Amino acid sequence: MRKGIRNWGPPLLLVSPTIIILGIFVYGLIAANIQVSTTNRHSLAPESAFVGLENYVALLSEDRFLHSLFNLVMFTVVFIAGTMLFGFIWAWMLDKGVSAEGIFRSVYLFPMAISFVASGVVWRWLLNSAEGDRASGLNRIFESLGLGFLQNAWWNEPIWGMAAIAMPAIWQLSGYVMALFLAGFRGVPQELREAARMDGASEWKLYRYVVFPQLSPIALSALIIVSHMSLKVFDLIMSITGSIYQTEVPATYMWVTLTSNDYAKSATIATILLLLASLFIIPYLIQTWRSEKANR
Amino acid sequence: MRSRRLSLIAGFALAGLALAGCSPASDSTSSGSADQVEVFTWWASGSEKAGLDALVAVFNEQYPDVEFNNAAVAGGAGSNAKAALASRLEADNPPDTFQAHAGAELTDYIAAGQLQDLSSFYADNGLNDAFPATLIERLTSDGKIYSVPSNIHRANVTWVNISVLEGAGIDPTVAPADMDAWIKDLTKLKDSGVETPLALGTEWTQMQLLETVLIADLGAEGYSGLWDGTTPWDGPGVAMAVDHYGQLLDFVNSDYVGLDWDAAMQLVLDGNAGYSVMGDWAEAAFAQAGQTYGTEYTTWAVPGTDGIFDFLADSFTLPVGAPHEAAAIDWLKTISSADGQKAFNIAKGSIPARTDAVASDYPAYQQTALKSFGEDTVVSSLAHGAAAASSWSADLSSAIGKFGADRKGDALIAAMVSAASSALG
């Protein structure tokens, strides 16, 4: 008995601060948030009554919220496709062997060190939608290269606007995805490649049948990481456009409702965002848990 | 042996955590005392900071025993400050006094019982006579007044580039009589080769433009009725205003959604646009560019709003449970005093709320604003929190932003009707 507590007591004592803090500040506050989202607290006044799922029904049938979801989907699809594509291609090219690989790796990875807010301020200018004489940023570059027909309104475009906002995000995170894939490429044992070559596989077949299949766990991790970042996107949009209707996503909408003191609505949006993120994260957790169990 | 050491470390870790939890909240809450005052604002830079500094100088002179404690929160044109303030009020830890837009933006605080009634403060200090009656009317909510304005701005001002207009053969000194006449001038300007006759910016500047069009088409009384439910949002007046606003959007710069007001005003300053509608804080931009009123630029009330003063004001409040209430009242006395208002407004570029201000103390534009403030009918600005509670104006702002993208007038009116019905209940 005494031996038992000696075994598990100290480790439990050591992790308990983290557990307590996480319990209060993450899980406790999630519970508090969900509680607020089921009340009619639409102002600063603390009095409120339980209204069940009324806020959720109202929100999901609201054009404005659906518009923000559409923007989020547009952003997420372009962002994920872009980072996965560029990250994969770059990693592949580095894996094929270039001189000064370290320099390329740093060059591609470095944008990740910049905060979304800082790059947002720069891209706000690059994506300026003025054309012709007053053009600045990318439109000015097109103009001076004689490619004036490429000028466009970027995020001012009604439907495709969010794809333009995804550009800075792709620029920042492709390098990170590249680093993940590169680690995956390096994780493929040299013997396997040699064996394939011995069997007469061409370079393409070597990659297609030997290397790529071993990258799928990496691809899944990259997908999860990038997509949950995308769902939470807030700072990038705030610094490029501010909180305006045209580029509204659920996170910026939540900010607007919070600052106009509609606490119940704000909490409802936050809960929906959490559910959306868990759609991606829970399958991932299950998958990792299973593979860890299998390895044991 | 090893596990012994582990449990020792764990014990220390836990003790450390417990100690951290016990560390005293080092608040200086000497309740009710009058030796210091914590003033919460979003005046942290530029002319606003200069104004606050000038005000503090007067305060230190009038109340040398009270220490001024600056609790300014910078950034986001006040939205950061409002978020910080909301959490302090939620935690029953209010500052001694905080800045807020005068008018309907206070509704939420009043409904939540977070503000003290200042009617007796007004009576004790003769403010009911010092401020114009129409302003008092705008500040009063259910017979009570909850804030003391420190400065007044005007929102319905058209800024005009004289040489651009003269280039198209339009007389810049005479304001068009109404919206239709203005749209004729805008067409003329466009036909003469000016690509963007009217400069516009991001969502709140669109809201400010629409609000001035509403004033022009509904008149002062009709416009004020929108906010108490006496003017219907689905009536012919609003429909006409939406139609006029839609026509105005045909004359604006293509990149307007992405520009803040100063970038939009730069188009007028540089001669790329003929007009822009903006509050009178734009005066500072023209002064900075070295332009002279009457030669390079001029201003008039937005066409159709002559004789109406679309006001917005910063004001200070007395929260319930202010830790240093007596000192907070001293602060309110300073900002409402003639000296305090003069020092603050000359530095900030706005005008005092008091009618006994001496016009010759102020620069040229402010003199004209002072004159109209004394004579005109005062209405409340929507874009700056005077007309509608913040959730109402947030709904309207989004509907107006949507209209900019899809130009569906019916949808805009429907959205405004539903915003009004959920706000007025």
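**View 1. B:Leu198 stands opposite B:Tyr275 of strand E9(B)**. This is a predicted model, where local features need pLDDT of at least 70, side-chain atom pairs count only at pLDDT 80 or more, and totals for chains, interfaces and linings use all residues. E9(B), residues 275-277, pairs with E8(B) in the parallel sense over two bridges. (Strands pair if DSSP finds at least two bridges between them; strands, E, at least two residues, and helices, H or I, at least four, are DSSP runs numbered from the N terminus.)

**View 2. Step back and you get an open sheet of four strands in chain B**. The order reads E8-E9-E7-E10, with mixed pairing. Out at the edges sit E8 (198-199) and E10 (297-301) of chain B, each pairing on one side only. Helix H12 (residues 261-269) of chain B packs on this sheet and touches E7 (157-161), E8 and E9 of chain B. Touching here is contact, meaning heavy atoms within 4.5 Å. The direction of H12 makes about 40° with that of E7(B).

**View 3. Over in chain A, helices H10 (residues 216-231) and H13 (residues 263-295) cross at roughly 165°, their axes coming within 10 Å**. (Axes are lines fitted to C-alpha atoms, for helices over the stretch in contact, and angles run from 0 to 180 degrees between N-to-C directions.) So H10(A) and H13(A) are roughly antiparallel to each other, a label for angles over 145 degrees. Among the contact residues are A:Leu220 and A:Ile224 of H10(A), plus A:Phe280 and A:Tyr284 of H13(A).

Residues are numbered from 1 along each chain as its sequence is written, while chains are lettered from A and ligands numbered from 1 in the order in which they are written, and side-chain values use heavy atoms, leaving out hydrogens and water.

Definitions and conventions. Parallel < 35°, antiparallel > 145°, perpendicular 65-115°, else oblique.
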